[in-house]
Amino acid sequence: MNDDQPRIDGLARITGRAVYVDDLVRPRMVVAKFVRSPHPHATIVSIDLTAALAVPGVVGSMVGDELPVKFGPIPVGRDETALAVGKVRYVGEPVVAIAAVDEETAHRACRLVNIVYEPLPAVLTLDDALAEDAPLIHAEKRKATNVLRRVHQSHGDVDKALAGAAVVIERAFSYPGSTHVPLEPHAALAEVEPDGRLVVYASTQNPHYLHKDLAVVLGLPEHRVRVVKPAVGAGYGGKCDPTSVEICSAFLARKLGRPVKIALEREEVFYQHRGRHPAVMWIRLGLNADGSLAGIDFKAKAAGGAYASYGVVTAYYLGVFLTLPYRVDHVRFETLRAYTNEPPCGPKRGHGAIQPRLAVECALDEAAAALGLDPAAVRRQNAVPDGHVTANGLVVGTCGLVRCLDAVVLASGWNERRGKLGPNRGLGIAASSYMCGALHPVYDDAMPQSAAVVKLDRSGEVVLFVGTSDVGQGSSDVLARICAERLGVDVGLVRVVEGDTSLCPVDLGSYSSRVTFFAGNAVIAAADAAKKRLPEGVPWLAAIQQAEESGGTVVGVGSYSPPKVGSRFKRQSVGPSPAYSFTAQVAEVEVDPETGITRVVKVWCAHDVGHALNRGSCEGQIEGCVYMGVGEALYEEQAYRAGVVKAPSLLEYRVPTVHETPEIVPILIETFEPAGPLGAKEVGEGPQLPTVPAIANALYDAIGVRLYDAPFTPDRVRKAVLAASKGAR
Amino acid sequence: MLPLPRFQLSRPTSLADALIAVADGAVVIAGGTDLLPSMKHRLFEPARVVSLAGIASLRTIVPQERGLVLGSGCTLRDVARDQTVLRLFPALAAACRTVATPTIQAMGTIGGQVALDTRCVYYNQPAGWRQSVGGCLKKDGAVCHVAPKGTGCYAAHAADTVPALWLYDAVIQLASTAGDREVPLRDLYGDDGRTWLGVRPDELITSIALPAPASSVVHRKVRTRAAIDYAALLVAVSRSDQGLRAVVSAVGPRPIEVAAATPEALAEAAHEAVRPLGTHLHPVPWRRALVRIEVLRAVNGLISP
């Protein structure tokens, strides 16, 4: 692969020429704004739009009753409506949409909407949600409970394994909720084409699923809907769900007969949320005397907010990856995801697999310390081998974890420096594994999950049609490189047409770290099929022209369905993947013991990426993952006060700036996964998994105190230091 | 995008015209770095806004025989880079460089710092958010959520440069159509977050006079991130022939000054005098604990600059 060429979309993005949804303007276009609920839980008594509709420039409105069709990103969790119907379930839930000739007018009109609410008792904590007599957030559901999903799995005999362990660590942990903070807030522009077909331009990770959801909710045949995804300013999981933004813009465009744009303000992104589930966790983890992992007994409860989103899947992810990256035959977990009267949680980078890493990696560190073992060596000893099948049936292909651990140990000077950095400075280590795409799509069918069409133009240009959604991560660049590599041409010849459900073959979207792996394999198949049309030993242009003379337009079609690997344990559809990536990280921290202010100085991250198809992009993903992990470890929390988001702004929701971002040393480990496209695996999510526990373990090395509750704020660190110094006296 | 409310903007080129505008009820905009976000949050919806950008005389830094006079329209960047400021009032230059970000420092003015609105997590929020908590005492509500049993507003002073200006004995020059007056900065602020600023609506801050420095000053700002953030705590200390003084801010509507003979006594006095409340997202006990630590650190900075 040619690493010297910049990303194909790089120049457009950094020069501001990439076109995002909010850049799009249409003749007669209007903009819509939402009126949002000020209550966490309340009955809607009445809605009076008279004053709002009388504002000059207001062209229309929408209320929940006009479109009560329920939707949600997965079939088992369809409990949302485009606007609240009957009652509101969180502060910030959209209740009314007002369309006007410009944003300012819409805003002014929204303030004149008069909604009468009757407040209901609100469920504001996990304990509230699980209480016997808790108010029901979704009373319409069959079961009278606020629990969306409980998952309970047991493999081997955990109690016996832990009873025989040399050391068992039992601890409670908590992991904060956090939000994605994509630079581009959610936006959609919907218009009805002259022939009546609906086109929705949307900032989405999943154009295909959105397409299907729009058809269902609006009652349209799927072939009358088209979703186009222009340039997107990141998602991190926050743009997976179908939302009020796309659905209301589409509904209003049809109702008003005018193009309608909705672009969220930053504050609104905090309400729409779908971010990391806050989780309270409990773990018992045992090590045998020889350092092998005896067993893991784990419980987690996640507060999920007012709607399901992908929460059923989250409940599984909290448990199913406990069997990686270490060999463990005895595992038991009980997880649940509950409703609360808060903005809905959903998928965020490392979906559901991040929270348990804190518990496992910190407990493992503590257990290793209790046995006097080196934390890095214990991890190395327990790493799963190539081809391992986990206790819950996950089939590992290649595993580069030992190489990852050795690389970060070497690069960080672990053996020489740990424990010798002087007071208040320390090193910590953690490791993880992540999937390369969910094996099972959100709806079950036998069709391919990714497809590609490669057209070789008589001009020499290669046009690659893929239904993927490049949200800034560089998927189009990687797919173009794969295509160019297979065709034996320069990547500069490849034009990628993607993110358009009419022009492109289906791809399920940018989620579960699947795009390079799934779409990449589809592109290989398509490129190879196109190349087969070309005569051999003929220069590029002549070859295409000869092929076209003999057989018409030169097109190759390819698709990818993942192999049905794994013993679908209990018909478990969450966790299985065609391959798994592996990561090891060492973090170095410095603590001010008086103020508790902690700085992450440096992070070494080695990631088994299979084969780096674009080294710059791979390193960028590692840096982005570590950055996001540092934010969750020290700075960020989507926190609420009586159901109200405490800090719906980038002033007070404190993502790290360049000053807080540590020096990051990305190390790419290549294991050439046979199932992967040109040997590649995922790199977009996995590298975030170890960051928070690596920092927690480094804090222990620095100050001799273990912290079990993230984020490790100055207040918490200071208290821990004070408590330790009292204990020492 | 969060739109601004509609307003009429005037851009006079003379101070006299600006004074007529404010006497007539216009709200002043200088750098706009605080006013515009607040207007977007609908904390202010003035019908008329008068910009000071066109008045050249407000943007001068004039060295005096021993001190200097800063025009209120000087940007924080102007102040931080001025050679006389750097030589005579280094803690002021340092404080300017801790404000928000370089882009804000290039827009925000020193006059805006002196007149900066008090801040609170219940106040500096978008209109819809404030509606969801029923407003607060400072805006649209009847209760101070920070101290529900109290009668006052505890929104906190937030200007990063004010503790240093205070210890440099700054004097604020005010002008209005009714006449000019001078107020020592330390007398400018009140005890309620709504009425904290002793400047009448018809008055403009024209300049800040700094007499010859009688003491060395060290400024410290505690914040989560090394850029963007408002202070969790502000501390400035000075040493002069009279002893040690400390000004602690970001803890209530007005900065609090204490004096003592020794660093330990100064830290203790500050700790006793300061009662932070929940105006910030940071936990209150942590902010209080920091007072003693930061005063001592600031004094250490004096000893070994």
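Me: What's the strand order in the open sheet of seven strands in chain A?
Reply: This is a predicted model, and in chain A the open sheet of seven strands runs 3-5-1-12-9-10-11, with mixed pairing.

Me: Which strands stand at the edges?
Reply: Strand 3 (58-63) and strand 11 (225-228) of chain A. Each has a single partner strand, so one side of each is left without a neighbour in the sheet.

Me: And how many degrees does the twist average from one strand to the next?
Reply: The average is 20°.

Me: Take strand 9 and strand 10 of chain A. Do they run parallel or antiparallel?
Reply: Antiparallel: strand 9 (residues 187-192) and strand 10 (residues 198-202) of chain A are joined by five bridges.

Me: What does helix 7 of chain A lie across?
Reply: Helix 7 (residues 244-256) of chain A lies across strand 1 (30-36), strand 3, strand 5 (94-100), strand 9, strand 10 and strand 12 (260-263) of chain A. Its direction is at about 25° to strand 9 of chain A.

Me: OK, and helix 6 of chain A, which strands does that one lie across?
Reply: Strand 10 and strand 11 of chain A, with helix 6 running at about 145° to strand 11.

Me: Switching to aromatics. How many aromatic pairs over all chains?
Reply: The count is 13. Take A:Tyr209 and A:Tyr443: their ring centres are 5.8 Å apart and their planes are at 80°, over the 60 degree cut-off, so the pair is edge-to-face.

Me: Where in chain A do A:Tyr209 and A:Tyr443 sit?
Reply: In distant parts of the chain, 234 residues apart. A:Tyr209 is in helix 6 (residues 207-218), while A:Tyr443 is in the loop between strand 16 (425-435) and strand 17 (450-456).

Me: Is A:Tyr209 buried or exposed?
Reply: Buried, because its relative accessibility is 4%.

Me: What about B:Tyr122 and B:Trp129, how are those rings arranged?
Reply: Their centres are 6.3 Å apart with the planes at 55°, so the pair is tilted. B:Tyr122 counts as buried at 10% relative accessibility, and B:Trp129 does too at 0%.

Me: Which residues form one aromatic cluster in chain A?
Reply: A:Tyr317, A:Phe321, A:Tyr434 and A:Tyr580.

Key: Residues are numbered from 1 along each chain as its sequence is written. Chains are lettered from A and ligands numbered from 1 in the order in which they are written. This is a predicted model: local features need pLDDT of at least 70, side-chain atom pairs count only at pLDDT 80 or more; totals for chains, interfaces and linings use all residues. Side-chain values use heavy atoms; hydrogens and water are left out. Rings of Phe, Tyr and Trp (its six-membered ring) pair if their centres lie within 6.5 Å; planes under 30 degrees apart count as stacked, over 60 as edge-to-face and the rest as tilted. Helices (H or I, at least four residues) and strands (E, at least two) are DSSP runs, numbered from the N terminus. Buried means under 20% relative accessible area, exposed over 50%, partly exposed in between (1.4 Å probe, protein chains only). Two strands pair if DSSP finds at least two bridges between them. Axes are lines fitted to C-alpha atoms, for helices over the stretch in contact, and angles run from 0 to 180 degrees between N-to-C directions. Contact means heavy atoms within 4.5 Å.
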